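Please look through the sequence and the structure shown here, and then read the briefing that follows, which is grouped by topic.

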Amino acid sequence: PPHFIDELKVSYDGKLVVKANLTFAISQDPAFRFFFKPGKEADMVVEAIDNKNNKFKSTHSVTL
């Protein structure tokens, strides 16, 4: 059965930067690229939910 990421969210300093609703058409090992200019040092949080309702979360410190 298909297994893929349904939703991807990226936030920075508590504010949503990118949200994507995905389908099985995304490759097995995708790379997503987006651009933004941080105004201060803060944490970037990446969250994903797959079609089996598994949740993933990763936090990364961004320095200027």
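Which residues lie nearest the centre of the largest pocket? They are F4, I5, S27, Q28 and P30, among the 14 residues that line the largest pocket. This is a predicted model, in which local features need pLDDT of at least 70 and side-chain atom pairs count only at pLDDT 80 or more, while totals for chains, interfaces and linings use all residues. Residues are numbered from 1 along each chain as its sequence is written, and side-chain values use heavy atoms, with hydrogens and water left out.

**The largest pocket**
- The space in the largest pocket comes to about 220 Å³.
- Two or more residues of the lining of the largest pocket come from each of β1 and β3 (42-50), where a strand is a DSSP run of E with at least two residues, numbered from the N terminus.
- The lining of the largest pocket divides into nine nonpolar residues, four polar residues and one charged residue.

- Q28 is found in the loop between β2 (15-21) and β3.
- Q28 counts as exposed because its relative accessibility is 83%, and exposed means over 50% relative accessible area with a 1.4 Å probe, protein chains only.
- Although Q28 and H3 are 25 residues apart in sequence, they are 9.4 Å apart in space, C-alpha to C-alpha.

**S11**
- S11 belongs to strand β1 (residues 5-12).
- S11 counts as buried because its relative accessibility is 15%, with buried meaning under 20%.
- Leaving aside neighbours within four places in sequence, S11 is in contact (heavy atoms within 4.5 Å) with L16, V17, D43, M44 and V45.

Technical notes: Helix = DSSP H or I, 4+ residues; strand = E, 2+ residues; numbered from the N terminus. 1 Å grid on protein atoms, 1.4 Å probe; cavity = no way out; pocket = protein on both sides within 12 Å on 5 of 7 lines; lining within 4 Å. Points joined across faces, edges and corners; volume = space filled by probe spheres on them. Nonpolar A, V, L, I, M, F, W, Y, C, P; charged D, E, K, R; others polar.
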